[in-house]
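User: I'm new to reading protein models, and I'd like a close look at one part of this one. Could you walk me through the place where the ligand sits?

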Amino acid sequence: MIIKEATFVVSNSDYRLCPTDGKPEFAFIGRSNVGKSSLINMLTGNKKLAKTSGTPGKTQLINHFEINKDWYLVDLPGYGFAKASKQARVKWEIFISEYLVNRESLMNVFVLIDSRLEPQQIDLEFMNWCGQKQIPFCIVFTKIDKISSSVLGKNLAKYKKEMLKSWDEIPPVYTSSSESAFGKEKILNYIDLINTSLKEVNK
Ligand SMILES: Nc1nc2c(ncn2[C@@H]2O[C@H](COP(=O)(O)OP(=O)(O)O)[C@@H](O)[C@H]2O)c(=O)[nH]1
Ligand SMILES: [Mg+2]
């Protein structure tokens, strides 16, 4: 799939105020600084679309980007940044969980995980929560340009082992680099597959 057009539409903290045209959407979530905004920019080939930052916790809202006038990419605020107050964290949990649970046009969540790290409790807990709520998700291991392929292989194996403690099956797994655009085609193909099957169903 080729992205010809990517436009910022709206930012807000209430899923009820998100676009109401029912076009399918795909959201990106993960720890603050994991590379969500960079991945959206890499996928769309527009470095300025989603604001990226060296300072964790900058994206505080649900941001909708319309793609090819046909579907949405959604940039979500990051979880788990140490500097946020408990109050801010609770507020985050409420509006994001409301969005994830209630948003009917949400087709898939891409859970981003820093490929350099050992399995993190917060990511495992979030994925378990998605499982409980029956929210479909894939994993994207980000920033693979920063490690060797052998370390990447080891880290992926550790993650899979950890996940198999609570899951019968591992969800689809992708690896990405926003620097080299590695992973772009596979991730876009996955989105395209879902969009195409939706169109078949709605014919
Ligand atoms: N080397 C490298 N740096 C990345 C990659 N993705 C993101 N970054 C950097 O990581 C930092 C956080 O990225 P950002 O997209 O703002 O993360 P977000 O908070 O999850 O949206 C920025 O300094 C990015 O340039 C990647 O694939 N490779
Ligand atoms: Mg961001």
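Which polar backbone atom is 2.8 Å from an oxygen atom of ligand 1?

Analyst: That one belongs to Asn33: a polar backbone atom of Asn33 is 2.8 Å from an oxygen atom of ligand 1. Before we go on, keep in mind that this is a predicted model, where local features need pLDDT of at least 70, side-chain atom pairs count only at pLDDT 80 or more, and totals for chains, interfaces and linings use all residues. Residues are numbered from 1 along each chain as its sequence is written, chains are lettered from A and ligands numbered from 1 in the order in which they are written, and side-chain values use heavy atoms, with hydrogens and water left out.

Now back to the ligand. The side chain of Lys36 has an N or O atom 2.8 Å from an oxygen atom of ligand 1. On its own, ligand 1 exposes 580 Å², and the protein buries 82% of that (accessible areas come from the Shrake-Rupley method with a 1.4 Å probe; for residues, only the protein chains shown count as cover).

In total, 16 residues surround ligand 1, each with a heavy atom within 4 Å of it. The closest are Asn33, Lys36, Ser38, Asp145 and Ser178. Sorted by type, this shell has one nonpolar, nine polar and six charged residues (Ala, Val, Leu, Ile, Met, Phe, Trp, Tyr, Cys and Pro count as nonpolar, Asp, Glu, Lys and Arg as charged, and the others, Gly among them, as polar).

You'll find Ser37 in helix H1, which covers residues 36-44 (helices are DSSP runs of H or I with at least four residues, strands are runs of E with at least two, and both are numbered from the N terminus). Ser37 has a relative accessible area of 9%, so it counts as buried (buried means under 20%, exposed over 50%, partly exposed in between, with a 1.4 Å probe and protein chains only).

Of its 203 residues, 45% count as buried.

Key:
Polar contact = N/O pair within 3.5 Å; in protein donor to acceptor, adjacent residues only side chain to side chain.
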